[in-house]
Amino acid sequence: MPNSVPDTILFDGVCNLCNGFVQFVIRRDPAGHFRFAALQSDAGRALLMAHGLTPAAVAAAPESVLLLSGGQLYSHSDAVLRIAEGLGGVWRVAGLGRVLPAAWRDAAYRFVARHRYRWFGRQESCMLPTPALKTRFL
């Protein structure tokens with residue numbers, strides 16, 4: 001995905017599963033293809049609103065990860081599959097998940113998203129990036 005503007009992953013900043021996913025991506029993306037914004041942050045809210053979504057609408061739906069890539073906002077399983085593909089290497093194989101109907105993929109995504117706090121817990125506040133990673137967070 002050669003692109004001069006890094007793709008942005010918007011994530012639920014208080015969700016332990018989402019924070020773990022962000023750490024997973026950071027460890028596998030040393031070139032910095034992705035940058036990050038918590039949905040609860042000013043930058044995250046501004047990106048949502050720029051794409052016609054309100055933070056309240058996202059909070060009402062079980063959204064935990066969104067991807068802004070090439071000016072397009074991806075959600076649900078499409079976001080996760082595109083992120084995996086963007087990591088390159090063996091993670092590109094995740095793109096094969098597109099052979100499954102989107103309705104099935106998204107149903108599984110929504111099921112996990114709906115139960116994420118119960119299964120993985122939540123934090124009182126959004127994670128703070130280390131000084132080394134601060135430039136990758138909006």
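**Strand β1 and its surroundings**

Author: β1 and strand β2 (residues 34–38) pair in the parallel sense over 5 bridges. This is a predicted model, in which local features need pLDDT of at least 70, side-chain atom pairs count only at pLDDT 80 or more, and totals for chains, interfaces and linings use all residues. Residues are numbered from 1 along each chain as its sequence is written, and side-chain values use heavy atoms, with hydrogens and water left out.

Reader: What makes β1 and β2 a pair?

Author: Two strands pair if DSSP finds at least two bridges between them. β1 and β2 have 5 bridges, in the parallel sense. In β2, F34 is the bridge partner of D7, and A37 is that of L10. Strands here are DSSP runs (E, at least two residues), and helices are runs of H or I with at least four, numbered from the N terminus.

Reader: Why is the crossover from β1 to β2 called right-handed?

Author: The term applies because, with the strands pointing away from the viewer, the path from the first strand over the helix to the second runs clockwise. Here the helix is α1 (residues 16–28), through which the chain crosses from β1 to β2.

Reader: Which strand pairs with β1 in the antiparallel sense?

Author: Strand β3 (residues 65–69) does, over 4 bridges. V65 in β3 is the bridge partner of F11. The open sheet has 4 strands in the order β2-β1-β3-β4, with mixed pairing. β2 and β4 (72–74) are called edge strands, as each pairs on one side only.

Reader: Why is β1 described as largely enclosed?

Author: Buried means under 20% relative accessible area (exposed is over 50%, partly exposed in between; 1.4 Å probe, protein chains only). In β1 (residues 7–11), 5 of the 5 residues are buried, so the strand is largely enclosed by the rest of the structure. D7, I9 and F11 point one way, T8 and L10 the other.

Reader: What makes a set of residues a nonpolar core?

Author: Its members are buried Ala, Val, Leu, Ile, Met, Phe, Trp, Tyr and Cys residues joined through side-chain atoms within 4.5 Å. The largest core has 20 residues, of which I9, F34 and F36 touch the most other members. α1 supplies the largest share, 4 residues.

Reader: How confident is the predictor in β1?

Author: pLDDT is the predictor's confidence in each residue, from 0 to 100. Among the elements of the protein chain, β1 has the highest mean pLDDT (94) and helix α3 (residues 55–60) the lowest (65).
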